[in-house]
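Here are a few exercises to work through with the model open beside you. Try each one before you read its solution.

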Amino acid sequence: MKIEDVVKAEEGEIFDIELDESLLKANAELAEQNRALLRKHGVTAVDVMGSIGAGKTSLIEKLVQKLKTRYRIAVFKGDLTTTIDAEKISRHGVKTVAINTGNECHLDANLVRKALSRLDLNGIDLLFIENVGNLICPADFPLGSEKRIVVVSVTEGPYMVVKHPFIFMDTDVAVINKIDLAEAMGVSVEKLREDVKKINPNAVTVATNCRTGEGVDQVIAALKL
Ligand code: MG
Ligand code: ZN
């Protein structure tokens, strides 16, 4: 399905990633405004973060398939310039807004605010926000969501969690994806689970195969949806 809504970052609009205190503060303030706006309209927003190819889009597709009869869902899909993933998601019949960041490697609260203006918030209960594939700077840029998911896959090797502690510190749900390939990759799902627990004992870790849908019900339970 062709995506009509594409929010584009204008020149000079995105906060520079030379993480200047005041820029991070400005982002945090906008994130609070987004949070207040979403709360006012009874919308639960969930960030989905993870590196390129981890399975963020596949997870969102499966979540949308399972939840769309119970909730009115919208999806924001962050990417540099493409709308490929946004088109995939919109095929499931949910309102999808592509956010193209240009050359920036993360979403920020300002871009999410712009994308929110494309939605009828009274017509939505649940919003998934898929960040640009990246396990580093999204940790510094809250968007105003209620819940955060981080997706890692076993095909990224055994050290993805320990190498990226900051993104796991603040997450509610850690998804370990592509578990069907764990043995072939020589990666222990249990070890990844322990790595998450050491960084963030409050995070719920769920092992999934987002191609088949295995584990997706546990992700929904962990999000309390
Ligand atoms: Mg994707
Ligand atoms: Zn970035």
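**Salt bridges and a zinc site**

The count comes to 15 salt bridges, a salt bridge being a side-chain nitrogen of Lys or Arg within 4 Å of a carboxyl oxygen of Asp or Glu. Keep in mind that this is a predicted model, where local features need pLDDT of at least 70, side-chain atom pairs count only at pLDDT 80 or more, and totals for chains, interfaces and linings use all residues. Residues are numbered from 1 along each chain as its sequence is written, chains are lettered from A and ligands numbered from 1 in the order in which they are written, and side-chain values use heavy atoms, with hydrogens and water left out.

**Exercise 1.** Find the salt bridge between D47 and R148 and work out which parts of the chain it joins.

*Solution.* Start with the distance: the closest N and O atoms of D47 and R148 are 3.4 Å apart. Now place the two ends: D47 sits in strand 2 (residues 44-50) and R148 in strand 6, so the pair ties together parts that are 101 residues apart in sequence. (Strands are DSSP runs of E, at least two residues; helices are runs of H or I, at least four; both are numbered from the N terminus.) Last, check the burial: D47 and R148 are both buried, meaning under 20% relative accessible area, with exposed over 50% and partly exposed in between (1.4 Å probe, protein chains only).

**Exercise 2.** Which parts of the chain does the salt bridge between D170 and R148 tie together?

*Solution.* First, the closest N and O atoms of D170 and R148 are 3.6 Å apart. D170 lies in the loop between helix 6 (165-169) and strand 7 (173-177), and R148 in strand 6, so parts 22 residues apart in sequence are tied together. As for R148, its relative accessible area is 10%.

**Exercise 3.** Trace the salt bridge of E130 and the network around it.

*Solution.* E130 pairs with K77, with 3.3 Å between the closest N and O atoms. That links E130 in strand 5 to K77 in strand 3 (residues 73-79), 53 residues apart. Both ends, E130 and K77, are buried. Widen the view and you get a salt-bridge network of K77, D79, D85 and E130.

**Exercise 4.** Which residues coordinate the zinc ion (ligand 2)?

*Solution.* Look for donors, which are N, O and S atoms within 2.8 Å of the metal (3.2 Å for Na, K and Ca); water is not among the atoms, so sites may look incomplete. You'll find C105 (SG), H106 (ND1) and C137 (SG), at 2.0 to 2.2 Å. Their spacing along the chain is C-H-x30-C. Finally, C105 is partly exposed at 27% relative accessible area, while C137 is buried at 9%.
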